[in-house]
Amino acid sequence: MENIFISPARYCQGPGLLKSLGGKIKSYGSCCMVIGDAFVLNFTRERIQKSLKEAGIQVEITAFSSECSYAEIERLSEQAKQFGAEIIVAVGGGKTLDTGKAVANNIKAASVIVPTIASTDAPTSSLVVIYNEDHVHEDVLFLPKNPDLVLVDSEIIAAAPVRFLVAGIGDAIATKYEAEACYKSDATNFQGGRCSVTALALAELCNDIILNHGISAKLSAENHLLTPSLEKVIEANILLSGLGFENGGEAVAHSFAGSLGLIPASNIAFHGEKVAVGVLIQLFLEDRPYKEIMELISFYRVIGLPTTLTELGWSEPSEEDLARVASKMCQPGSITHNMPFEVSETMVINAIKYLEHFQQDSNNVVTLENLG
């Protein structure tokens with residue numbers, strides 16, 4: 001099996017970059033459709049229009065409906081065709097960005113991604129997660145290429161609510177552990193190739209940045225201050241995590257997060273918060289050393305990530321719900337089976353239950369100081 005590594009054609013990050021959007025995309029064409037949700041467009045529209053006008057690019061700005069569904073992708077694709085768009089610029093969070101990627105692919109336009117939060121690693125990837133009109137996960141599209149440009153204005157991300165950044169840290173934390181599992185098991189990544197040592201190294205770097213700079217970055221984001229630590233963590237959340245997951249692969253952590261869709265009460269939690277708890281479950285299954293798990297839990301508690309099912313909205317899970325989640329996680333073809341050992345439904349149920357008991361045991365002993 002061959003090693004495969006993919007990435008966006010170009011990644012740019014820095015303060016105030018949205019003002020340079022026109023100059024960075026004018027080589028792709030002279031007609032652009034911008035997709036963004038109403039809230040994001042309220043504070044980005046003027047800068048986008050000014051930048052594109054100065055670059056001589058004709059622009060149409062349209063609102064996103066809030067759900068990345070086949071119907072919304074088709075609606076916006078038809079609108080883009082009628083406008084004659086050569087460039088699709090998607091501005092906002094994960095679902096807006098995924099919709100923009102799909103529309104650009106449909107009409108064979110350049111794909112430009114402008115994330116306004118750092119809550120997931122979706123911006124750099126060639127994947128599109130599809131939901132139905134009831135907001136339930138329905139499908140995943142695998143596009144033939146990654147975005148042409150990912151433009152990250154770090155000033156905008158620094159101004160966003162801090163919970164988004166912390167959720168992105170939860171998503172990024174999984175990158176190392178899942179890539180390691182896939183590398184050991186020789187599992188295929190999302191392109192059908194082997195996890196390369198490059199992907200593994202990027203996943204390790206992502207983890208190092210998060211653990212060394214995450215707490216400082218959170219403090220910066222809480223005060224809407226753009227600091228070197230926050231710049232590093234934004235890059236880890238978006239670029240390193242994106243390259244790491246797509247080229248390294250995913251395993252139990254993301255399988256758990258995806259399967260929680262069966263538990264409506266967990267909808268209060270962000271994707272990255274669910275993934276963070278999934279990491280702990282994966283580490284239990286791997287029988288990682290007690291101190292290693294405790295150190296991660298300590299980091300979670302300081303940074304503000306959930307460490308229990310209750311914090312995800314899933315308190316006192318029934319045996320029936322546990323069985324449903326475990327069954328979905330272990331169904332044939334699931335990324336759960338990217339682990340370097342066989343994972344059964346019973347193992348998953350026991351690991352989820354153990355999470356709560358582990359928390360009770362650790363409540364009085366976990367501090368950053370005594371784990372030094």
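This is a predicted model: local features need pLDDT of at least 70, side-chain atom pairs count only at pLDDT 80 or more; totals for chains, interfaces and linings use all residues.
Which residue just after α10 takes a positive phi? Asp 287 does, with a phi of about 60°. Residues are numbered from 1 along each chain as its sequence is written, and side-chain values use heavy atoms, with hydrogens and water left out. Helices (H or I, at least four residues) and strands (E, at least two) are DSSP runs, numbered from the N terminus.

**Nonpolar cores**

- A nonpolar core is a set of buried Ala, Val, Leu, Ile, Met, Phe, Trp, Tyr and Cys residues joined through side-chain atoms within 4.5 Å; buried means under 20% relative accessible area, exposed over 50%, and partly exposed in between (1.4 Å probe, protein chains only).
- The largest such core has 71 residues, and those with the most contacts inside it are Ile 173, Ile 210, Phe 256, Val 279, Tyr 300, Trp 314 and Ile 352.
- Helix α10 (residues 271-285) gives the largest share of this core, nine residues.
- A second, separate core of 22 residues includes Leu 21, Ile 25, Val 91 and Val 114.
- Contact means heavy atoms within 4.5 Å; leaving aside neighbours within four places in sequence, Ile 173 is in contact with Asn 207, Ile 210, Leu 211, Val 279, Leu 296, Phe 299 and Tyr 300.

- From its first C-alpha to its last, α10 reaches 21 Å, close to the 21 Å expected at 1.5 Å a residue; the expected span is 1.5 Å times one less than the number of residues.
- Helix α9 is largely enclosed by the rest of the structure, because seven of its eight residues are buried.
- The buried residues of α9 are Val 252, Ala 253, His 254, Ser 255, Phe 256, Ala 257 and Ser 259.
- Ser 259 lies in α9 (residues 252-259) and has a relative accessible area of 2%.
- Leaving aside neighbours within four places in sequence, Ser 259 is in contact with Val 325, Lys 328 and Met 329.

- Met 33, in strand β2 (residues 31-36), is buried, with a relative accessible area of 0%.
- Beyond its neighbours within four places in sequence, Met 33 is in contact with residues including Glu 60, Thr 62, Leu 76, Phe 83 and Val 89.
- Phe 39, in helix α2 (residues 38-54), is exposed, with a relative accessible area of 62%.
- Phe 39 and Val 275 are 236 residues apart in sequence and 26 Å apart in space, C-alpha to C-alpha.

**Cavities**

- A cavity is a set of points, on a 1 Å grid over the protein atoms alone, where a 1.4 Å probe fits but cannot get out; lining residues have an atom within 4 Å of a point.
- Among the residues that line the largest cavity are Ile 117, Ile 157, Phe 164, Ala 221 and Leu 230.
- Helices α5 (154-158) and α6 (162-185) each supply at least two residues of this lining, and the largest share, three residues, comes from α6.

Technical notes: On a 1 Å grid over the protein atoms alone, a cavity is a set of points where a 1.4 Å probe fits but cannot get out, and a pocket is an open set with protein on both sides within 12 Å along at least five of seven lines; lining residues have an atom within 4 Å of a point.
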